[in-house]
Amino acid sequence: MLSTPRVEAAKYDWKVYASYHNATKSVEMGDRMYVVANGDLYSYGTDDQSVETYDKAGTLNDFAIYDIVASSGTGEVVVIYDNGNIDLMSTSGDVYNVSDLKSKALRDKTLNDVMIDGSLLYISTNSGLAILDLGRKVFKNIYDLGCAVKSTTISDGYIVSS
């Protein structure tokens, strides 16, 4: 009787060698400073000078970070990627992914600006405006306006976009 040899797939531990120079954005949340450098994310402990890196191989859900925003209302760092994907990362390192904007069939998802007001995140794109409710972790509205929204602000309770 012939037996088929059992072959086990090699298991690899992937190691990411990201470049953490050329910092473009930083936000403070708790006792950590979160920094975007060359589209990658790391944090620096202000109490103990520790450095922690975050990447798709370990924590995050995508590549090419466009921007980060600190939400004091939810205690999370909001990580927005170039393709519209969004991660909500707690200070303990837990990550919740909101991919609705990434998967939405918009004409042009190019991101232009990100602004936070309370627990609402306003994302200006080349197709319009998206509003993410950070507390509920769902999009409140995605407006496909057919024109570019370069930036958004709140004035006297009104959404003002340009």
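View 1. In strand S3, Leu41 is the bridge partner of Val36. Strand S2 and strand S3 (residues 40-45) pair in the antiparallel sense over six bridges, where two strands are said to pair if DSSP finds at least two bridges between them. Helices (H or I, at least four residues) and strands (E, at least two) are DSSP runs, numbered from the N terminus. The two strands form a hairpin with two residues between them, and Asn38 in the turn has a positive phi of about 55°. Five of the six residues of strand S2 (residues 32-37) are buried, so S2 is largely enclosed by the rest of the structure; buried stands for under 20% relative accessible area, exposed for over 50%, and partly exposed for values in between (1.4 Å probe, protein chains only). This is a predicted model, in which local features need pLDDT of at least 70 and side-chain atom pairs count only at pLDDT 80 or more, while totals for chains, interfaces and linings use all residues. Residues are numbered from 1 along each chain as its sequence is written, and side-chain values use heavy atoms, with hydrogens and water left out.

**View 2. The open sheet S1-S2-S3-S4.** Four strands form an open sheet in the order S1-S2-S3-S4, with antiparallel pairing. S1 and S4 are the edge strands, each of which pairs on one side only. From one strand to the next the twist averages 25°, the axes being lines fitted to C-alpha atoms (for helices over the stretch in contact) and the angles running from 0 to 180 degrees between N-to-C directions. S1 and S2 run antiparallel and are joined by six bridges, with Ala23 standing opposite Ala37 in S2. In the hairpin of S1 and S2, which has two residues between the strands, Gly30 takes a positive phi near 65°.

**View 3. The salt bridge of Lys25 and Asp67.** The structure holds four salt bridges, each defined as a side-chain nitrogen of Lys or Arg within 4 Å of a carboxyl oxygen of Asp or Glu. One of them joins Lys25 to Asp67, with the closest N and O atoms 2.9 Å apart. Lys25 lies in strand S1 (residues 23-29) and Asp67 in strand S5 (residues 65-71), so the pair ties together parts that are 42 residues apart in sequence. Lys25 is partly exposed, with a relative accessible area of 31%, whereas Asp67, at 13% relative accessibility, counts as buried.

View 4. Asp62 forms a salt bridge with Lys102, and the closest N and O atoms are 3.3 Å apart. Because Asp62 lies in the loop between strand S4 (51-54) and S5, and Lys102 in helix H1 (residues 100-103), this pair ties together parts that are 40 residues apart in sequence. Asp62 is buried, at a relative accessible area of 11%, while Lys102 counts as partly exposed at 34% relative accessibility. Glu76 forms a salt bridge with Lys137, the closest N and O atoms being 3.0 Å apart. This pair links distant parts of the chain, with Glu76 in strand S6 and Lys137 in the loop between S11 and strand S12 (138-144), 61 residues apart. Glu76 counts as buried at 8% relative accessibility, and Lys137 as partly exposed at 23%.

**View 5. The nonpolar cores and the surroundings of Ile80.** The largest nonpolar core has 16 residues, and those with the most contacts inside this core are Val78, Ile80, Ile86, Leu121, Ile123 and Phe139. A nonpolar core is a set of buried Ala, Val, Leu, Ile, Met, Phe, Trp, Tyr and Cys residues joined through side-chain atoms within 4.5 Å. Apart from it lies another core, of 13 residues, among them Leu41, Tyr54, Ile65 and Met89. Leaving aside its neighbours within four places in sequence, Ile80 is in contact (heavy atoms within 4.5 Å) with residues including Ile65, Asp67, Ile86, Leu111 and Leu121.
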